[in-house]
Amino acid sequence: MPFNETTAENLSSLHTRDLQSVWHPFTPLHDNTKVLPLSGAKGVYLHTTDGRKILDAISSWWVNLHGHSHEYIAKAIYKQAFTLEHVIFAGFTHEPAVRLAERLLEILPANQDKVFYSDNGSTAVEVALKMAFQYWHNQGISKKKVIAMDGSYHGDTFGAMSVGDRSMFITPFVPYLFDVEFIPFPGKETSHSVIHTFTQLASSGEVAAFIYEPLIQGAAGMRMYPPEVLNPLLTIAKEHQIICIADEVMTGFGRTGKLFTSQYCAVQPDIMCLSKGLTGGTMALGVTTCTAEVMRPYRSDDLMKTFFHGHSFTANPIACAAANASLDLLMTEECQQNIRRITGKHLAFLNEIAQHSQVLDARAMGTILAIEVKTSADTSYFNEVRNSLYDFFMARNILLRPLGNIVYVLPPYVITNDELDIIYKAILELLNKS
Ligand SMILES: *Cc1c(COP(=O)(O)O)cnc(C)c1O
């Protein structure tokens, strides 16, 4: 039996076979003819079966840190698969999970005390919400409200959708979501009124939790707001004993310049959600961390105060081994320097285009660069602009997946200056052509 089935014939028919048997995420069924078959990926490049090399400028849905098919992480995965591939995590433990928890707690904000494992970003958020709700339930305190922010995205499962913006994506599910109080997104002129609205909601005494994407909303279009707004919100929340949940699924692991974006803030969250970059983008793994105070009402002889939540693959040893290997790479001076280098390059390009007549707004934070391109049409994810922008860059062998008219660059940290320049040049070409 052949070990590797990726023969030439299989690859050539891959597209046809895919069309017949696979349903892709966020892809209209009539549109999946555009799905590209890959034979592999290495570093910052995706290799298509017909020989194209596509520059992955968005880290494959914001997950990849060190480049594709990284040898060091691959070896760690291989080694772990031969040692302990999986075990039920209720009643058992293992080195990769314990080591990863220890190392995360070392680099996370100092108030974080324990690590709870799950499978992805959405489950990390579900765990955070349930942890917060049961924190109150275990104490017999009735607090049922949740505060979230307009434009927020926390995942595609029901709890995560409930605390997310009621966007067009989730219209069919809205009747099944729980109620959430949304505060407006703090713009430059509105931050004062946002803080005022938040204070009023918080004062009701009924708010269990506040969930937020710290300083940058990813799916909303890489929208940024300063610590000067978030700090007072967190301070007010703490004054009213509201559990603060930082969703760092996208922003964690150096993405915004610091290891975690909460580290830009003066006030730290009670619960944090991590995924995406956790394994360097190689395997699905989610983490929810919390303070000792969040666990306090769970420490009880009463069995019913246990946190009854778990997934079949909780703390999968192979995924944990991948995460440990990714952390090894992330903490090297070389990687930290790459993050600073990309940050500097982004800022220089930002200056270059900020005044361009086709640029509505341009912003950057760490390794993330976002440009709102002027278009005649409405600026929404669904307008044709997104498709034409996607195609424009794809024709130049660059993977950028604009959110509406917002083009953003979010590269693996190993991208070179020359490769960044290729991306910038294509963006300039786009701006100059319109
Ligand atoms: C991607 C994302 C999620 C959901 O993570 P999945 O792994 O896709 O379930 C949650 N929160 C934020 C901020 C994200 O960017």
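Student: Given that helices (H or I, at least four residues) and strands (E, at least two) are DSSP runs numbered from the N terminus, where is the place of Y153?

Tutor: Y153 is in the loop between β5 (145-149) and α7 (158-162). Please note that this is a predicted model, in which local features need pLDDT of at least 70 and side-chain atom pairs count only at pLDDT 80 or more, whereas totals for chains, interfaces and linings use all residues. Residues are numbered from 1 along each chain as its sequence is written, and side-chain values use heavy atoms, with hydrogens and water left out.

Student: Which residues are around the ligand?

Tutor: Y153 is one of them, and the others are W62, N120, G121, S122, H154, G155, E213, D247, V249, M250 and K276.

Student: How many of the shell residues are nonpolar, polar and charged?

Tutor: The shell has four nonpolar, five polar and three charged residues. In this scheme Ala, Val, Leu, Ile, Met, Phe, Trp, Tyr, Cys and Pro are nonpolar, Asp, Glu, Lys and Arg are charged, and the others, Gly among them, are polar.

Student: What lies 2.6 Å from an oxygen atom of the ligand?

Tutor: That is a polar side-chain atom of S122. A polar backbone atom of G121 is 2.8 Å from a ligand oxygen, and an N or O atom in the D247 side chain is 2.7 Å from a ligand nitrogen. The protein covers 83% of the 380 Å² of accessible area that the ligand has on its own, by the Shrake-Rupley method with a 1.4 Å probe.

Student: Where is the place of G121?

Tutor: G121 lies in helix α6 (residues 121-137). With a relative accessible area of 13%, G121 is buried.

Student: Which residues does UniProt list as "binding site" together with G121?

Tutor: The unreviewed UniProt entry lists G121 with S122, D247, H311 and S312. These residues are spread over 192 residues of sequence and up to 23.0 Å between C-alpha atoms. Such annotations, given in the numbering used here with shortened feature names, may be inferred rather than shown by experiment.

Student: And which residues does the UniProt "binding site" annotation with Y153 cover?

Tutor: According to the unreviewed entry, it covers W61, Y153, K276, G310 and R401. They do not all gather at one spot, because they span 341 residues in sequence and the farthest two C-alpha atoms are 33.2 Å apart.

Student: A change of topic: which residue has a positive phi near 65 degrees?

Tutor: That residue is F253. F253 is in the loop between β10 (243-247) and β11 (271-274), and at 1% relative accessibility F253 counts as buried. For context, most residues other than glycine have a negative phi.

Student: What is phi near in S69?

Tutor: Phi of S69 is near 45 degrees, a positive value in a residue other than glycine. S69 is in the loop between α3 (59-62) and α4 (71-81), and at 45% relative accessibility S69 counts as partly exposed.

How values were computed:
Near = heavy atom within 4 Å. Polar contact = N/O pair within 3.5 Å; in protein donor to acceptor, adjacent residues only side chain to side chain. Buried < 20%, exposed > 50% of the residue type's maximum accessible area, 1.4 Å probe, protein only.
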